[in-house]
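Colleague: Can you walk me through this one? I'll ask as we go.
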Amino acid sequence: MTEVRLNRLTKIYSGGKPAVDSITLDIPSGQFVSLLGPSGCGKTTTLKMLAGFEDVTSGEIAFDGEDVGRVPAEDRDIGMVFQNYALFPHMTVQQNLAFGLEMRKVSKAEIKRRVQATLEMVQLDHLADRYPAQLSGGQQQRVAIGRALTIEPRILLLDEPLANLDAKLREEMRVFIRDLQKRVGITTVYVTHDQAEAMTMSDLVVVMFDGHIAQAGAPREIYETPKTAKVAGFVGQVNLIEAPMDPATPGHAATPFGPVPVTAPGVGETVTLALRPEAIDIAPAGVPGTPATIERVQYSGAIVDYTLRFADGTAMEVKTIPRHPFATGDAVSLSVDLARFRQLEREY
Amino acid sequence: MSQRKTFLLLLPAGVLLVAFLAIPYVSVFISAFREPGQGTPYGEGYTIANFSRILGDWFYVKQALNTMLIGAVTTLATLVIGLPVAFQLARPDLKLRGLFYGIVLSPLLVGIVIRSYGWTILLGNNGVINRTLREWGWIDGPLPLMYNTLGIVIALTHVFLPFMILPIMSAVQGIDPSVSSAARSLGAKRPTVIRRVLLPLAMPGIQSGCILVFVLALSSYVTPALIGGLRVKTTAVTVVDAMIDTFQWPFGAALALTLSVLGGGSVLIFARLTRMKWK
């Protein structure tokens with residue numbers, strides 16, 4: 001079990017602006033951490049530095065307190081799963097799994113035993129003698145994970161491993177990877193641009209933009225208390241409300257639902273508030289609440305999305321279970337638990 | 001497109017192939033089993049005498065074996081020289097790619113006769129190489145570089161190098177770079193990555209390069225004729241002698257057929273030995 005610490009880790013490609021800009025992050029031993037962000041945010045570069053495939057420009061990567069930033073990839077003892085699996089096409093499943101152990105000069109008998117154990121772990125014992133080209137995408141994925149784990153590495157790195165799978169298989173593999181990681185107890189860093197993957201699998205989600213860590217926290221914390229509009233928007237749908245300070249109630253911002261306590265700037269300025277679409281209750285007109293009109297209905301079975309417009313012209317998204325058969329043009333009444341509002345930090 | 005239209009599109013190529021490839025091959029095959037003719041390409045009746053003449057005469061057997069040896073050594077030489085070049089050319093970060101491609105292809109851009117004469121200037125007893133070495137006092141008499149098997153191999157290696165480099169290069173370019181990264185992450189150092197991963201994955205290119213060069217070297221005529229002169233003749237040269245100079249068509253055809261069988265057999269055995277189960 002390995003604890004990973006990134007200390008002001010920076011990567012600058014020749015002559016460009018930093019791809020990874022002084023990020024500091026502690027990953028407790030045995031945790032599943034996702035680096036989440038759009039392409040070009042530095043998450044993959046960070047992973048490559050962790051793996052040893054990219055040089056560190058400055059800063060430190062420490063495994064259990066030992067700086068490994070200059071240790072070449074082949075000596076770093078990491079297990080890596082690539083987006084395209086990167087299996088050895090000329091080796092059978094069994095040979096793929098044995099490769100790392102052969103590099104470690106493990107005895108033949110021990111290799112055989114451990115490969116068999118891995119085959120069982122990734123549920124591929126019936127395909128041991130197949131070549132990668134003869135396997136389905138999901139099976140190849142499991143070989144890749146097995147190959148990374150047979151060497152019992154200090155940390156497991158996964159680079160968008162589910163990106164090439166179809167939607168149904170992706171969900172199965174999410175559960176599979178998460179269960180396996182829990183069972184093995186290995187410290188894991190998972191790179192993805194898919195917020196649902198990051199949220200469902202991780203102990204810790206690290207949201208990255210432009211080479212910086214925008215916010216790091218448990219999935220629930222990131223979703224419910226996002227620091228900025230960008231983070232809020234990246235991990236889910238959000239209503240952003242530019243609210244003026246309420247002259248009547250000091251320390252509160254005026255919203256269509258009433259005054260919301262905020263850490264005030266000066267009077268007359270505005271604050272940005274975030275409100276998740278599912279935090280809003282929608283009821284027929286006449287029920288006490290804030291009146292609005294339904295502009296668009298998107299019904300998808302378990303849930304329904306409404307686009308609503310207030311009398312002052314501002315719009316808002318509401319997500320709810322389909323309780324009332326509202327239609328476009330209906331007048332409705334909205335209510336919100338004011339505690340669900342989040343004040344966001346300004347981004348400059 | 002309908003079957004019929006597809007067939008029409010294939011027709012021109014089909015006619016060409018049948019008229020200028022299939023029929024001549026069949027004709028060579030048949031005349032190899034004919035009696036020699038008097039004032040005609042071949043005489044009446046069928047015989048295997050042409051083949052017994054070849055197999056019974058150590059001169060022809062030895063010549064065929066030497067031709068095979070030239071093919072094998074040329075293949076090996078182009079492989080040894082070409083493999084590292086192909087790996088370097090396949091690097092995705094290669095600069096001046098066009099220039100290097102041009103250099104690799106340059107042997108093919110010079111006419112075959114001119115190129116062979118160029119080699120005679122370099123390799124002859126009074127050639128550039130021997131004269132330079134003599135002036136430097138490294139040798140007393142000229143090194144035998146011309147009119148022997150070595151000279152033929154040198155000249156053939158030069159011209160067939162691109163046929164080795166290009167297939168290997170394209171095979172190496174087709175290797176997913178993350179496969180090497182995966183090997184490294186599993187603990188393989190660079191030489192091990194090359195030996196255990198890159199070379200096996202380049203095998204399809206190595207295999208086709210070897211087959212191409214071997215077959216081309218076996219059947220080459222102009223270079224062995226000019227560099228080998230009267231002293232060393234390959235089977236291909238003797239075939240032409242038999243056909244053109246002494247007008248023994250059935251014998252020439254039998255010799256050509258023998259060479260084809262030897263060459264084709266070698267290629268089959270080679271392909272069998274280097275078979276890749278994962279393909």
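Modeller: A term to begin with: helices (H or I, at least four residues) and strands (E, at least two) are DSSP runs, numbered from the N terminus. This is a predicted model, in which local features need pLDDT of at least 70, side-chain atom pairs count only at pLDDT 80 or more, and totals for chains, interfaces and linings use all residues. Residues are numbered from 1 along each chain as its sequence is written, while chains are lettered from A and ligands numbered from 1 in the order in which they are written.

Colleague: Fine. Which stretches of chain B does UniProt annotate as "transmembrane region"?

Modeller: The unreviewed UniProt entry gives residues 7–33, 68–87, 99–125, 145–166, 197–227 and 247–271 of chain B. UniProt positions are in the numbering used here, feature names are shortened, and annotations may be inferred rather than shown by experiment.

Colleague: How much helix is there over residues 7–33 of chain B?

Modeller: That stretch of chain B, residues 7–33, is 93% helix and 0% strand, with its end C-alpha atoms 35 Å apart. Residues 68–87 of chain B come out at 100% helix and 0% strand, and there the end C-alpha atoms are 28 Å apart.

Colleague: And what does UniProt list for residues 64–270 of chain B?

Modeller: The record, an unreviewed entry, has "domain: ABC transmembrane type-1" there. Over residues 64–270 of chain B the model is 79% helix and 0% strand, and 18 Å separates the end C-alpha atoms.

Colleague: Phe214(B) next. Is that residue buried or exposed?

Modeller: Phe214(B) counts as buried because it has 24 C-beta neighbours inside 10 Å. The cut-offs: buried means 20 or more other C-beta atoms within 10 Å of the residue's own, exposed means 12 or fewer, and partly exposed is in between, with C-beta atoms placed from the backbone. Phe214(B) is part of helix α9 (residues 190–219) of chain B.

Colleague: What does Phe214(B) touch?

Modeller: Leaving out residues up to four places away in sequence, Phe214(B) touches Gly71(B), Ala72(B), Thr75(B), Ser266(B) and Val267(B). Contact here means that the C-beta atoms, placed from the backbone, lie within 7 Å. Val267(B) is 53 residues from Phe214(B) along the chain, and their C-alpha atoms are 8.2 Å apart.

Colleague: Over to the interface. How many residues does each chain put into the contact?

Modeller: Chain A gives 19 residues and chain B gives 16 residues. On the chain A side, β6 (78–81) and α2 (93–103) are the elements giving two or more residues. The largest share, three residues, is from α2(A).

Colleague: Which classes are on that side of chain A?

Modeller: The side of chain A that touches chain B has 14 nonpolar, three polar and two charged residues. In this scheme Ala, Val, Leu, Ile, Met, Phe, Trp, Tyr, Cys and Pro count as nonpolar, Asp, Glu, Lys and Arg as charged, and the others, Gly among them, as polar.

Colleague: How is chain A divided into domains?

Modeller: The assignment gives domain 1 (4–234) and domain 2 (239–343) of chain A, with bounds from an automatic or database domain assignment. Their C-alpha centres lie 40 Å apart. Four residues of domain 1 of chain A are in contact with four residues of domain 2 of chain A.

Colleague: What does UniProt list for residues 4–235 of chain A?

Modeller: The unreviewed entry has "domain: ABC transporter" for residues 4–235 of chain A. That range of chain A is 37% helix and 24% strand, and its end C-alpha atoms are 25 Å apart.

Conventions:
Two residues are in contact if their C-beta atoms, placed from the backbone, lie within 7 Å.
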